[in-house]
Amino acid sequence: MKTSWRTASLVASAAAVLALTTACGQDAPPPSSSQNVGATAGAGDYAGADGDKAGGAGQPSTGPANTAGELSAADSTELGKVVTDGLGLTLYRFDQDSAKPPKSNCDGDCAATWPPVPADDATAGKGIDASLLGEVTRSDGTKQLTVAGWPAYRYVKDVNAGDTKGQGVGGKWYALAPDGKKAQAADQPGLSTRKDPKLGEIVVDKNGMTVYRFAKDEAWPKPVSACTGACLDKWPVVAPVDINDTKGIQKKNYMTFTRPDGAEQQTINCWPIYTFAGDKEPGDTNGQGVGGTWYAVRPDGKPVGAPEK
């Protein structure tokens with residue numbers, strides 16, 4: 001099967017171990033830180049609104065593309081082996097679904113953006129274990145393909161065979177590996193940088209999602225987060241990332257701290273860091289300048305475009 005692959009966006013390489021801190025500015029050593037289903041392919045385009053909101057009643061796209069065809073385990077430069085349909089389009093799984101028992105929680109607008117893959121005509125091709133293919137009955141009564149119990153979807157923004165634009169969207173959507181697990185490159189750094197056309201070099205997480213700082217936080221003499229309660233729904237904290245799992249990030253004052261709720265949060269140069277729920281795809285910077293208090297982060301921990309104090 002011939003496919004066209006998009007260029008990998010993140011590169012992996014373990015960073016050298018340098019001094020971390022237990023208190024900002026004070027040197028310290030680094031821490032260790034179901035039933036089988038059957039056969040034929042189809043073609044066509046998908047329709048639907050953009051977004052990943054789950055819930056509500058509604059129907060996915062109903063064009064001729066609403067078929068699965070022969071599934072294959074294709075090689076993705078960025079993610080390794082991923083499951084593709086008969087047209088070479090990547091299949092995805094949703095973190096809010098369940099595999100045991102299989103259940104889909106993507107309906108309405110969600111299913112328009114992430115069309116469920118029908119089970120009726122799916123068949124196992126090269127690299128696919130037929131015993132892992134099954135089906136789940138959706139809320140509208142249709143049968144959806146499952147892989148190792150996980151309901152399978154396509155993504156409307158994947159246009160060409162080999163596209164993986166849905167990877168990491170909303171921190172909930174991931175390409176399906178042939179064993180049903182999330183397809184993720186083992187060598188992709190937990191934190192790295194990318195060149196943004198408007199913001200310059202900024203920090204991103206392992207899924208390519210932009211990392212932010214909150215102007216109301218404190219870093220000295222120790223990190224303090226002013227984002228609590230409902231704020232955390234919009235601005236999830238970045239969990240600890242081992243210093244050896246970073247690339248291009250300043251190592252001085254790279255440390256974690258304990259939040260009031262007991263959770264550990266990562267910092268860069270002692271500043272607490274977050275992602276933004278409003279960023280739906282890798283490369284989005286929708287959180288930049290929000291409220292005049294949230295800013296993307298440079299590799300040295302400084303905020304991009306924040307007013308001088």
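Figure 1. Welcome to a predicted model, shown here before we zoom in. The protein chain holds 2 helices and 19 strands. Its accessible surface comes to about 14,000 Å², and carbon and sulfur atoms account for 52% of that area. A search of the whole structure turns up 5 salt bridges, and the next views visit some of them.

**Figure 2. A close-up of the salt bridge between D85 and R154.** Here the side chains meet with an N to O distance of 2.6 Å. D85 sits in the loop between β4 (80-84) and β5 (92-94), while R154 belongs to the loop between β11 (150-151) and β12 (173-175). The two residues are 69 residues apart, so this pair links distant parts of the chain.

**Figure 3. A close-up of K182 and D95, joined by a salt bridge.** The closest N and O atoms of this pair are 3.2 Å apart. K182 lies in the loop between β12 and β13 (191-196), and D95 in the loop between β5 and β6 (98-99), so the bridge ties together parts that are 87 residues apart in sequence. K182 counts as partly exposed, at 32% relative accessibility, and D95 is also partly exposed, at 29%.

**Figure 4. A close-up of D75 meeting K81 in a salt bridge.** The N to O distance between these side chains is 2.9 Å.

Terms used. Residues are numbered from 1 along each chain as its sequence is written. This is a predicted model: local features need pLDDT of at least 70, side-chain atom pairs count only at pLDDT 80 or more; totals for chains, interfaces and linings use all residues. Side-chain values use heavy atoms; hydrogens and water are left out. Helices (H or I, at least four residues) and strands (E, at least two) are DSSP runs, numbered from the N terminus. Accessible areas come from the Shrake-Rupley method with a 1.4 Å probe; for residues, only the protein chains shown count as cover. A salt bridge is a side-chain nitrogen of Lys or Arg within 4 Å of a carboxyl oxygen of Asp or Glu. Buried means under 20% relative accessible area, exposed over 50%, partly exposed in between (1.4 Å probe, protein chains only).
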